[in-house]
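Please look over the sequence and the model below before reading on.

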Amino acid sequence: MKKNISFLAPVFLISIVFLFSSCLKDHCSRTYNIITPVYTKLSVLRSAVQSKPAAAIVNTGKLYIRDKWIFLNEQNKGIHVIDNSNPSHPVKTSFINIPGSIDMSVKENILYADLYCDLAAIDISNPKNISVAKFLTNTFPEKAVYSSSTNPDSINITTGWTSRDTVVNCDEVRLLTDCINCSTPFYYSAASASSTGKAVGAAGSMARFATVDNYMYAVSTSNLSVININEAANPLFVQKKNIGWDIETIFPYKNKLYIGAGSSMSVYDLLDPADPQRSSWNGHWCSRDPVVADDNYAYVTLHEANVCGSKVNQLEIYNLSVPYSPVLLKTYPLTNPQGLSKDGNLLFICDDGLKIYDVTDASNIKLIKHFPGMHSYDVIANGGIAYLVAKDGLYQYDYNSVQNIHLLSKL
């Protein structure tokens with residue numbers, strides 16, 4: 001045994017020396033793309049909130065309907081104000097510049113919009129000349145670089161990214177990633193270093209804001225924020241409560257909030273509007289799921305989600321007849337549904353354009369009209385007009401006569 005060990009030991013040492021010498025001779029380099037954030041002071045962003053002339057609709061987002069006005073989000077840029085006195089000929093009136101804006105709601109003459117981490121209360125009495133009534137600081141702190149300050153001059157917002165290629169030698173890669181053979185590019189970001197229950201106006205099913213009487217509710221991916229808007233121009237933060245994860249949408253109906261999440265639908269009671277309480281929860285396959293409801297049913301569309309590999313595309317209808325215990329009534333296959341809306345016995349679904357169903361019998365719904373071809377996102381059916389947001393603009397359909405549903409205009 002000793003003889004064998006003495007024979008193997010030199011071979012082992014020679015192998016170790018060879019391996020180390022190979023590493024020492026490895027003068028390789030690799031090219032990586034370094035991405036770093038661009039910061040803007042919150043005070044600078046606030047000063048940018050102002051009225052501008054009507055602008056081209058380029059990157060459509062969420063939708064809000066109020067009287068004769070249509071408010072259409074231009075993602076991360078602001079809101080198009082559209083005079084819809086004549087739905088056959090809508091007129092773009094102005095553009096409200098709001099950096100980072102994605103969501104909105106309206107009460108009286110005040111429009112609420114997210115400005116990155118802030119909630120902006122904007123007086124729209126004159127849509128061509130708006131004024132800011134109040135900024136509610138850090139309502140959405142997850143959108144700002146962490147800071148304990150409430151001074152807008154001290155709060156940094158990540159408003160963009162710069163990209164550049166750099167050459168890194170193997171030793172540096174080893175220190176940074178401890179994996180010189182990894183094929184995944186190395187990305188660097190400096191960010192880590194530093195009740196009647198009546199809803200006001202009409203929002204789409206993709207909304208994250210809901211206004212009910214004297215309160216506004218806003219959902220993030222895991223939280224529900226409650227804001228008192230008894231004085232519309234002076235919103236007051238009430239509380240923020242954790243309500244789960246992968247939260248996507250909120251829909252108010254009477255004294256309830258229907259919350260759509262990546263794998264569930266939950267219902268919150270507004271018996272105490274300042275402190276919503278969850279009354280029911282229903283799980284489903286991991287998908288994207290806006291929800292709308294009426295007195296008897298909740299309607300949920302699920303579409304395939306790449307984040308978990310789900311291929312589910314369908315409509316789910318829940319029976320709400322038993323309080324606090326929604327029961328799945330039936331599912332219907334769809335193509336790739338997005339937002340939806342309901343008015344009377346008609347259900348409007350963004351799916352390969354716009355599909356309109358007769359849901360008089362929820363257990364046997366019938367397709368009565370299909371307008372194909374648009375890459376549709378959300379729809380609001382209100383007062384005989386269906387407002388459809390698609391990738392290429394805003395469509396309006398007249399459905400006053402079920403036998404003659406037709407396109408009114410496209411903007």
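Two strands are said to pair if DSSP finds at least two bridges between them, and the strands themselves (E, at least two residues), like the helices (H or I, at least four), are DSSP runs numbered from the N terminus. This is a predicted model, in which local features need pLDDT of at least 70 and side-chain atom pairs count only at pLDDT 80 or more, while totals for chains, interfaces and linings use all residues. Residues are numbered from 1 along each chain as its sequence is written, and side-chain values use heavy atoms, with hydrogens and water left out.

**The chain as a whole**

- The chain holds three helices and 32 strands.
- Of its 411 residues, 48% count as buried, where buried means under 20% relative accessible area, exposed means over 50%, and partly exposed lies in between (1.4 Å probe, protein chains only).
- The chain exposes about 19900 Å², of which carbon and sulfur atoms supply 54%; accessible areas come from the Shrake-Rupley method with a 1.4 Å probe, and for residues only the protein chains shown count as cover.

**An open sheet of six strands**

- Six strands form an open sheet with antiparallel pairing, in the order β2-β6-β5-β4-β3-β12.
- Its edge strands, each of which pairs on one side only, are β2 (50-52) and β12 (202-203).
- Strand β5 (residues 78-83) runs antiparallel to β6 and is joined to it by six bridges, with Phe 95 in β6 as the bridge partner of His 80.
- Strand β6 (residues 91-97) is largely enclosed by the rest of the structure, because five of its seven residues are buried.

**A buried loop residue**

- Gln 338 is found in the loop between β24 (327-333) and β25 (340-343), and this residue is buried, with a relative accessible area of 15%.
- Leaving aside neighbours within four places in sequence, Gln 338 is in contact (heavy atoms within 4.5 Å) with Met 206, Pro 290, Thr 301, His 303, Cys 350, Ser 376 and Tyr 377.

**Pocket and cavities**

- On a 1 Å grid over the protein atoms alone, a cavity is a set of points where a 1.4 Å probe fits but cannot get out, a pocket is an open set with protein on both sides within 12 Å along at least five of seven lines, and lining residues have an atom within 4 Å of a point.
- The second largest pocket has a volume of about 470 Å³, a volume being the space filled by probe spheres set on the grid points, which are joined across faces, edges and corners.
- Of the 24 residues that line the second largest pocket, the closest to its centre are Lys 62, Ile 102, Asp 103, Arg 208 and Glu 248.
- Both β3 (60-66) and β17 (247-253) supply at least two residues of the lining of the second largest pocket.
- About 50 Å³ of space lies in the largest cavity, whose lining includes Lys 62, Asp 103, Ala 203 and Met 206.
- The second largest cavity has a volume of about 30 Å³, and the elements that give two or more residues to its lining are β14 (215-219) and β15 (223-228).
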